[in-house]
Amino acid sequence: MAEALAAPDPIGRTLSPGELVTTMSHFHRAEILRMTGWRDRLDRTSNWAITVVAAMLSVSLSTASAHHGVLLFAMLLVLLLLWIEARRYRFFDVYRARVRQFERHYFAQIFSPQPDFASDWLLVVGESLRTPKFLISQRAALARRLRRNYIHMLLILLLAWILKLSTPSLLTEGVRIDFVSSVREVVAGAALGPIPGVVIVVLVAAFYAGLLVTAFLTASDDGELSFGDVHV
């Protein structure tokens with residue numbers, strides 16, 4: 001009975017200190033490569049969004065024959081790219097967290113030892129390998145990428161759309177360069193086919209209000225982002 005209650009022997013042999021260091025070095029290098037791969041995907045999506053913004057601005061503002069709806073379409077494309085990048089960011093965050101575990105609890109302890117500093121960190125890494133889970137929600141990932149990059153691109157598109165509607169020469173060929181004299185003209189110019197301009201303006205205003213709420217009224221960052229100022 002006592003033998004049945006005894007703790008089972010660990011599977012496999014125990015690694016020597018040298019073997020453990022070698023294993024951890026190779027594992028750290030592998031996680032760096034995986035993190036770098038997902039980081040490259042993030043940059044690629046951001047580059048696509050910048051290209052979309054630049055191309056749509058060039059098409060819309062270069063000639064009066066270009067409809068202002070081009071800029072609305074650009075906003076939707078950038079939103080789609082933001083959603084894709086937020087999903088990629090969640091994967092990146094998993095591998096970044098593992099790398100930071102090694103940096104904070106292993107290498108930092110070698111260079112600047114602290115007594116009993118998170119001595120169970122290897123258990124956390126082991127559980128992450130057994131049952132990988134996302135560390136942040138899609139909403140939190142959207143908020144982070146929106147604050148880092150996409151809010152600036154979307155604001156540029158909004159300013160370009162307002163400029164397009166408020167400048168008659170950008171809406172109709174042959175009109176002198178000037179600005180509209182009332183907000184009513186701007187709203188009327190925002191019409192999109194059978195949809196009245198006031199509806200389009202309200203939808204765009206609600207869209208940007210939602211972006212601002214998502215970006216700046218979410219819960220404050222915790223976890224890894226609470227340590228220091230360097231983040232992605």
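Colleague: Which residues in helix 5 meet which residues in helix 7, and how do I read such a contact?

Modeller: Contact means heavy atoms within 4.5 Å, while helices are DSSP runs of H or I with at least four residues, and strands are E runs of at least two, numbered from the N terminus. Here Arg 139, Ala 143, Leu 146, Arg 147, Ile 151, Leu 154, Leu 155, Leu 157, Leu 158 and Trp 161 in helix 5 meet Ile 200, Val 201, Val 204, Tyr 208, Leu 211, Leu 212, Val 213, Thr 214, Ala 215 and Phe 216 in helix 7. By class, the residues of this contact are 17 nonpolar, one polar and two charged (Ala, Val, Leu, Ile, Met, Phe, Trp, Tyr, Cys and Pro count as nonpolar; Asp, Glu, Lys and Arg as charged; the others, Gly among them, as polar). Do keep in mind that this is a predicted model, in which local features need pLDDT of at least 70 and side-chain atom pairs count only at pLDDT 80 or more, whereas totals for chains, interfaces and linings use all residues. Residues are numbered from 1 along each chain as its sequence is written, and side-chain values use heavy atoms, leaving out hydrogens and water.

Colleague: At what angle do the axes of helix 5 and helix 7 cross?

Modeller: Axes are lines fitted to C-alpha atoms, for helices over the stretch in contact, with angles from 0 to 180 degrees between N-to-C directions. These two axes come within 8 Å and cross at roughly 145°.

Colleague: Thanks! Which residues have the most contacts inside the largest nonpolar core?

Modeller: A nonpolar core is a set of buried Ala, Val, Leu, Ile, Met, Phe, Trp, Tyr and Cys residues joined through side-chain atoms within 4.5 Å. Buried means under 20% relative accessible area, exposed over 50%, and partly exposed in between (1.4 Å probe, protein chains only). The largest core has 40 residues, and Leu 146, Tyr 150, Leu 157, Trp 161 and Tyr 208 have the most contacts inside it. Helix 2 (17–62), helix 3 (69–111), helix 5 (138–166) and helix 7 (197–216) each give two or more residues to this core, with the largest share, 13 residues, coming from helix 3.

Colleague: Is Asp 93 buried or exposed?

Modeller: Asp 93 counts as buried because its relative accessible area is 5%. This residue of helix 3 touches Leu 135, Ile 136 and Arg 144, not counting residues up to four places away in sequence.

Colleague: And what does Ala 160 touch?

Modeller: Ala 160, in helix 5, is in contact with Leu 57, Leu 61 and Leu 71, leaving aside neighbours within four places in sequence.
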